[in-house]
Amino acid sequence: MMVPFQYRQLSVVVFASLLTQVAWAADESSEQNYFQEFPVVLTASRLKQPQSEAPNAMTVIDREMIVASGFRSISDLFKLVPGMYVSYYKGSQPFVAYHGSTDQYARRMQVMIDGRSVYLPPISSVDWANLPITIDDIERIEVIRGPAAASHGANSTQGVISIITRDAGYLDGKRVSYTRGEKGINDISARFGRRGDTFDYRMTLAYRADNGYDILTAPPPGKSITQPQVNTLLNNENDSNQARLLNFSAGYHPNGVDQFDIQFGLNRDVQGVGFSDKNPTANANPYHDLIGNSGFLQLGWKRQLDNASEFSLRYYHIQQNQHETVPYFVLNTPLPGLIFQSAQTSRDEIEVQHTLSFSSFNRIVYGAAYRTDRFGGQTAFSQFPVTGFSGSFNSNEYRVFAHDEWRITPKFLLNTGAMFERDGMGHQNLSPRVALNANVIPLHTLRMGVSVAYRTPAMIEERYPVNRFFQFRTLYTGGAAIFRPLFAPGVLAVPDQVVTSPGVRPERLLSREIGYLGQFPNWDALLDVRFFSDQVSSGIHWNGFTLAFENEMSAAYQGVEASLKKSFSNDSDLTINFAHELANSNLSTLFAAGKSTTQPASPWISDVLGASVPRNSASLLYSQRFSKKVSFSASYYYQDSLQPYDRGSVDYQPIQRRVDVRLAKGFHDIGGMDGEVSLVVQNLFNQGYTEYIANNVFNRRSYVTFSLGW
Amino acid sequence: MPVWIKSEWKGRGTALLLLCLFALMSRSSRAEGLAVTLLLSDSSAPYQAFFETLRQRLPASIRLAVQDPAREGNNSAVSADLVVAVGMKATEAAIAAVHRPPVLAVMVPKAGYDSLFLGQKTASGISAIYLDQPWERQVAFLYAVLPDVERVGLLYSSETRLEVSPLLNSVANRGGSVVAQSVQSADRLFASLEKVLSGSDVLLAIPDSRIYNAASIRNILLTSYRHEVPLIGLSQGYVNAGALAAIFTLPEQIAEQTARQIVAFDIKKGLAAPGYPENFTVALNTQVARSLEIRLPSEDEIRKRMRNAGEVGR
């Protein structure tokens, strides 16, 4: 605890040292202290854009909120973003989507870690369990609500999640932490780092494990389920997860102008996957382990050219290898032998960027990037009378971009930008954006923006393995009734070697918004409100009749989102988020016209997409710091009922409410160490909380964390 | 030296004439004005800027001679009417002389100047124009820039030489408090920094190169930025590096004040009491302010607020 300043102490120090250390006297009382030359440290690219000047609505989750939330997994943090849908297909397979639920492969958002794009082929979704960072490695998360392709590259259609990890020099010492709790929660981490004048580094070694969700022991609340519904209930009890990971980040800054960064990470993840479905059908996905080894290397160089200009170069490589061994059943009878399946995904990207200030009123960022994605997948049958299949694919794309920030007058800020990309399939798209921020009344900012963004079809959407599916059916069911199509055995998706959806094009999103940001210093409050209207055209959807992905879906989303942040004195903070959203699509028209097989799960649902968006959702986070390093925080999450996009009626999600609390006590200077003990209780009131799949029951659980630093 | 004297007059005559000439020159110069010897601690840019401005601002009648204080046996300083010592090194050299003219020390930190006379009540014939700002002005500036500050963070080391009670009083008078954290050693700097930043609304830099130096400034600024705690620096250099604001007096401004004091000395034949610089410069980093969502007042507004707070400097 900080000791309130007592000047007598300092005076003693001041004058005692005068007598004892004459040698220093000349230096320390010299006028040279006022004439020191310093390098420019807070350069334009280091300074984060204030919310009132951002061209989009932005939610920032900072370190304090991360701690106060009590969350162990990164994906859960997005519950603190208005309008965000965070769910889990299995305990080990979270997905994060904006504008309501999607299928379990949310793939309409850009997700970046320190500028490294981590949505990967073949599905273009983020494998949250395979990211080699822990929640404690994160400094801050910026979530852009709305498209931002002009500044964040391809696939920034619905929004952008930008995770900024802690600085190489954030830790000067060592820290160990141990978490133990219910549902097999067992996390251990060791961190060490050094902060120097020219070289900083930090390293994390961590092990994380839990046993996933509880299982449904009774029909979902308020429902008496029928046998056909029980038959569609996914029994996914095998959803434990163990991850062993390492990450390293170092920065070398030999002088005032150059900064070199190196980061790498490794993650080995073993997930329990598969289902024990109750329906007596072909089951190619029984309980088994999915083993993933992933890693990345990122190199960066930034050079300060003069006070107003900066050059940056970044290269990264991501590698993810996964494999699984699956027994195969037909009509509940195990067939001899096993299926062995593996997938290798990699991405290399190089980006060059130049930030240039023409004046203090106008700043431009422009640059170019080139990316190569590779995917290889193999399926082998140990004793099966079919040959295996494999495929390997390359995709090269490039983009050029420019973004200008022009302070027309002190009251008006105009952000304009565009990105031109050529994707791996040869599609060329231009994604422009324009936003005007008006600060006519001081402290109150009005923002109007229009932007267009495109989503490149995922590799699997272009090459859905329909041919393979028929091969299975004719061989093993002999033309008998088939209950559901096989996408692929196991969990890993191996795309078809040939393009099966030759006509599929990028889908387009047009977004319009009006935002208001009000600062109320007298109340220590910040209010952020956004009205939006997003329209998807040429939307990619699955046509089960032609067995291809097509571009005939159109959808519209309208709504309002609000965030209020307020501080009470210096010791407590409150964040409240709220979203009200309506959506509709032409999916029922497409279904009626025989162009889509996506049909409502219940007779009362007229539009699949509309029903998949919770009309209202809210979250609240309150934290309070007491004396003696005691702190308390509580959070509340609310989500209106919804029908998950591609699930059956049994997975209907009723209204969700959940309260989490965290209580912590810190210790300071015990034998040169400091530490903390914290207790987190999630779903404190056991409010029947489920996620996406009816069987993903999240009962009250608690865990304790001990951490020690020196 | 005029060559014809040598050719017309020889031996003793030459010497006599030279002596006469010297006496004549000396007399006439006294009639014209003061002989000032300038001792510069260093030849770097701030000292050059001081010299240039002083030279321009002094009336032509006042003779200005520049001397290197490091040079041994600088007896001509002794023969001057006034020695202006620029910086601590020059000041120490100037006051070391046994028989010396009055000394005006300029561009010296108050703490450094005071340390030269430790144990002596007053030093006669010596005065100073300090380089640093009085605490009251510094605090008035701080509150003009950031009116809502409650906790002012301060890092100090065992080498810090500051009389801080005026700072404490001044902050307390405005309803705030000073959160001070000692830095035990250079490698504990960042632990101390984390501690002070977690309990402060602003970090006030002090002249202590053990804490604030070219090597450490990067981590200090990055850490304080991460904590969203702005740094108030001591110079334009701090602001360029990423400090939110700074109040300081430029060598040129000290030179102008020095010129006025020399003229006053010429009239009164005595030095004014040691004092702080009359004028000051304000530097603001609008980019950092924007990023931290701090609404910076304009420089005029800051000066107005400082005047309202009773701070009379210009």
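Biologist: Among contacts in chain B between residues at least 6 apart in sequence, what share joins residues at least 24 apart?

Modeller: This is a predicted model, where local features need pLDDT of at least 70, side-chain atom pairs count only at pLDDT 80 or more, and totals for chains, interfaces and linings use all residues. Residues are numbered from 1 along each chain as its sequence is written, chains are lettered from A and ligands numbered from 1 in the order written, and side-chain values use heavy atoms, without hydrogens and water. Contact means heavy atoms within 4.5 Å. For contacts in chain B between residues at least 6 apart, the share joining residues at least 24 apart is 69%.

Biologist: How many helices and strands are there in chain B?

Modeller: Both are DSSP runs numbered from the N terminus: helices are H or I, at least four residues, and strands are E, at least two. Chain B has 14 helices and 11 strands.

Biologist: At what angle do α7 and α8 of chain B cross?

Modeller: Helix α7(B) covers residues 135-145 and α8(B) residues 165-173. W135(B), E136(B), V139(B) and Y143(B) in α7(B) meet P166(B), L167(B), S170(B) and V171(B) in α8(B). Axes are lines fitted to C-alpha atoms, for helices over the stretch in contact, with angles from 0 to 180 degrees between N-to-C directions. The two axes come within 9 Å, and the crossing angle is roughly 35 degrees.

Biologist: Is E159(B) buried or exposed?

Modeller: E159(B) sits in the loop between β6 (151-157) and α8 of chain B. Its C-alpha atom is 7.5 Å from that of R210(B), 51 residues away along the chain. Buried means under 20% relative accessible area, exposed over 50%, partly exposed in between (1.4 Å probe, protein chains only). E159(B) has 0% relative accessibility, so the class is buried.

Biologist: Which residue in β7(A) stands opposite Q110(A)?

Modeller: β4 (residues 109-113) and β7 (residues 159-165) of chain A pair in the parallel sense over five bridges. Opposite Q110(A) stands V160(A).

Methods:
Two strands pair if DSSP finds at least two bridges between them.
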